[in-house]
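Hi,

Here is the structure I said I would pass on. Have a look first, and then read my notes below.

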Amino acid sequence: MFSFSRVGKTKSFYRDLGDRRELSDHSFEEGKKLKRFLRVKKMSTMDLRQALAGILTLSMFIMLGNMIKKDHFDSYYDVDIEAIPISKYENVAVTTQSLATFSHLSKSPWIKENGEGLKPCWNTPPLKEVEQSKGFITFSLTNGPEYHMSQIADALVVARYLGATLVLPDIKGSKQGYTMSLGDIYDVQEFLNSLDGLVRVTRTQPTLVSKGNPPLVRVPSRVTQDYIVKKVQPIYKAKGIVKIESYFPSVDAISVGNKNKNMNSFACQGMFGTLKLKAEIKEVVESIVQNLQSWSQNNGQFIAVDLRNEVLEKECNIRYERGRKLCYQAQEIGEFLKKIGFSEDTAIYVTQTKWNPNLDALKEIFPKTYTKESLMPEAMKGKFLNSEFEKVIDFYISSQSDVFVPSTPSLFYTNVAGVRIALGKNQILVPNEITVSASDFMSPYVSQKSHFAYSCFC
């Protein structure tokens, strides 16, 4: 039952409670002031710590950047190989122009490209009869498609400047004395159509050749007008016929433009507008690409790696030059691809023809690693699994893959890059040893737009 005594106690309770609240409010205000003071002190301390951490982080990235510059394989040696015979062209020099860099382009290692190639930007002046002379320029294609496109560009530039008739080239096989016709690999009619109105072309050897071997003149790839005037034109005027042979002082000689814009235009046409595979070989390439796409678990995407044991055995005898890495073996490439985010179910094509135990380490990381022997239909192996066609197949598959990875600097890498740039396939990844959190290690041919192809396409 309710009573007045309880009311008195209740009043006393609330009076005490009020006094406590006043004390509590006072304490609370004092506590807030103390907290604000401590927060200011803490922020000052944190600002100093953050500034120090920022300086240390910046220093670390500068050091890391310097390390990266020394670990990409593109810039190894700068050797003049003018005196090296054509059979030794595999050992072309590589200079600092092709130094690899990396960029953070995407969180996913696969970059979705629009699939549309670039458009040709070159303008080739039409042929005028008054410019024509009565002589001939002959040449042969050698060593594989990465050389063929440069050799045709040089021959076209020389013939056009001299007003000479270009003789349809043959193809020298890998075996001594073995010769193939242009039509054994390429579409001859497409070749002739591509040069119509630019230079006269004859399918047959001129009678001058039957009188003896024509004089041979070696020309540097991306031959200049000055070189033609001084070295080729005098012999051409005296003999009426010259056989030219391209040599490659360095890879960078291929990737830079000529000062003469008209000559650049003819070089563009020669490199990117003349050679098309004949239907039979194109079918082989397409069948291998289709197999890779069907076995891929990444929306049909696959990687092509230029990894040939015979090349690595030569290049990797000296693994470092001036502190820079010369080449990457199968295991190193596998670790690189895994590091930048490619999953183990990624389909990989290697340019090695038949399986070699050296590839086992790559297959352990990426079980879906294949050679052309395992991908090619059985009915095609007898004809196309030989040295005359293997590099042709490798070149065109590497040009069409979603990602291309070179294992060593070479003309193969340079001219595959050129074709890929023209096709809008820019994902060319250069291996690197440093463990960096990046999704892409883009070739400088793309990241710096340093390749000659960019002067041909827009």
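Let me begin with a sheet: 4 strands make an open sheet in the order S13-S12-S9-S14, with parallel pairing. Strands (E, at least two residues) and helices (H or I, at least four) are DSSP runs numbered from the N terminus, and two strands pair if DSSP finds at least two bridges between them. At the edges stand S13 (369–370) and S14 (403–406), each with a single partner strand, so one side of each has no neighbour in the sheet. S14 pairs with S9 (residues 302–306) in the parallel sense over 4 bridges; Phe 404 in S14 is the bridge partner of Ala 304.

Before going further, keep in mind that this is a predicted model, in which local features need pLDDT of at least 70, side-chain atom pairs count only at pLDDT 80 or more, and totals for chains, interfaces and linings use all residues. Residues are numbered from 1 along each chain as its sequence is written, and side-chain values use heavy atoms, with hydrogens and water left out.

Now the helices around that sheet. H8 (residues 279–295) lies across S9, S12 (347–350) and S13, and runs at about 150° to S12. Axes here are lines fitted to C-alpha atoms, for helices over the stretch in contact, and angles run from 0 to 180 degrees between N-to-C directions.

H8 also packs on H14, at an angle of about 50° and with the axes 10 Å apart. That makes H8 oblique to H14 (under 35 degrees counts as roughly parallel, over 145 as roughly antiparallel, 65 to 115 as roughly perpendicular, the rest as oblique). Nonpolar covers Ala, Val, Leu, Ile, Met, Phe, Trp, Tyr, Cys and Pro; charged covers Asp, Glu, Lys and Arg; the others, Gly among them, are polar.

What does H14 (residues 387–400) do with H15 (residues 411–423)? They pack at about 45°, with axes 8 Å apart, and are therefore oblique to each other. Among the H14 residues that meet H15 are Lys 391, Asp 394 and Phe 395, and Arg 420 is one of those on the H15 side. The residues of this contact are 5 nonpolar, 4 polar and 3 charged.

Elsewhere, H2 (residues 145–162) and H5 (residues 225–239) pack at about 70°, axes 11 Å apart, which makes H2 roughly perpendicular to H5. There is also an open sheet of 3 strands, S2-S4-S5, with mixed pairing. In it, S4 (residues 170–172) and S5 pair antiparallel over 3 bridges, and Ile 171 has Met 180 in S5 as its bridge partner.

Finally, confidence. The mean pLDDT (the predictor's confidence in each residue, from 0 to 100) is 77, and 66% of residues reach 70 or more. Over residues 1–28 it stays under 50, and the model has 2 contacts there beyond four places in sequence. Where pLDDT is low, the predicted coordinates should not be read in detail.

Cheers

Methods:
Contact means heavy atoms within 4.5 Å.
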